[in-house]
Amino acid sequence: MAPWAKGEQVGAAVAMGDVRSMRRQLVCAGRPLVTGLVALGDAWATTNPQFGLGMTAGILHAGLLRDVLRETDVRDPVELALRFAAGTERQLEPLRAGLARWDTYRWAEIDADIRGEVHHRDDEGWIQHVVGRTGGLQDAAVMRAMGEIGFLLVDPATAMSKPGLTARFTELATGAPRYAEGPDRAELLAAVGGSAASS
């Protein structure tokens, strides 16, 4: 620790907690920026907390570190850093990047709603999400697939590989509403007011 404490600070401390997907890389241009230290779980990346995936992603990342430690001579800190970074990019970065894209697309959708416009995005993952959030209320297989993906039980390709599921998504996508039906503002206020009055 003593040599690290003697280091020169190059900038202000950066908080990783946020509602956005962020990441920190300790390998740049194929070289470790530091050895003897790995960024694990939230120290490596954060995702939007509404997904509730922080602990699951952290456990997956810890499993990756375990595997890298088993396969690497820890007396070679450069190789350890490179292997862990490569495994992180291969196994966890696609998840983080997908959630970051979701954040971007969802903000764009909300902005379009405010303007009274319909948000269109030619991204397979986003289209799958839009169909899934309403289609899952109409079809149990679609709901199960979306749950498996959302809880990181399987990757999207595996979930969608079930017989007939892609065709069902396509069928539900035709004219599917963007949001599940529910009460409008007046009905919601009436329900809340009626509930408050009765209690």
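In these legends, Ala, Val, Leu, Ile, Met, Phe, Trp, Tyr, Cys and Pro count as nonpolar, Asp, Glu, Lys and Arg as charged, and the others, Gly among them, as polar. All views show a predicted model.

**Figure 1. The lining of the largest cavity.** Welcome to the first close-up. By the classes above, five residues of the lining of the largest cavity are nonpolar, six are polar and two are charged. The volume of this largest cavity is about 110 Å³. Look for Gly41, Trp44, Ala45, Thr47 and Ala57, which are the closest to its centre of the 13 lining residues. A search of the whole structure turns up one cavity of 30 Å³ or more.

**Figure 2. Elements around the largest cavity.** Here the view turns to the helices and the strand that supply the lining. Strand S4 (45–46), helix H2 (54–71) and helix H4 each provide at least two residues of the lining of the largest cavity. H2 has the largest share, with four residues.

**Figure 3. Helix H4 packed against helix H5.** Two packed helices are described by the angle between their axes and the distance between the axes. For H4 (residues 93–115) and H5 (residues 124–135), the angle is about 60 degrees and the axes lie 11 Å apart. H4 is therefore oblique to H5. The crossing in which H4 passes H5 is right-handed.

**Figure 4. Side by side at the H4 and H5 contact.** Which residues make the contact between the two helices? From H4 come Trp102, Tyr105, Arg106 and Glu109, and from H5 come Trp126, His129, Val130 and Arg133. Sorted by class, the contact of H4 with H5 has four nonpolar residues, one polar residue and three charged residues.

**Figure 5. The largest pocket.** Now for an open feature. The largest pocket has a volume of about 1,000 Å³. It is lined by 30 residues, and Leu99, Trp102, Ile149, Gly150 and Pro156 are the closest to its centre.

**Figure 6. Where the pocket lining comes from.** H4, H5 and helix H6 (140–150) are the elements that give two or more residues to the lining of the largest pocket. Which element gives the most to this lining? The answer is H4, with seven residues. By class, the lining of the largest pocket has 17 nonpolar, nine polar and four charged residues.

Technical notes: Residues numbered from 1 in each chain as written. Predicted model: local features only at pLDDT ≥ 70, side-chain atom pairs only at ≥ 80, totals over all residues. Heavy atoms only, no water. Axes fitted to C-alpha atoms, helices over the stretch in contact; angles between N-to-C directions. Parallel < 35°, antiparallel > 145°, perpendicular 65-115°, else oblique. Left-handed = near helix turned anticlockwise from the far one by under 90°. Contact = heavy atoms within 4.5 Å. 1 Å grid on protein atoms, 1.4 Å probe; cavity = no way out; pocket = protein on both sides within 12 Å on 5 of 7 lines; lining within 4 Å. Points joined across faces, edges and corners; volume = space filled by probe spheres on them.
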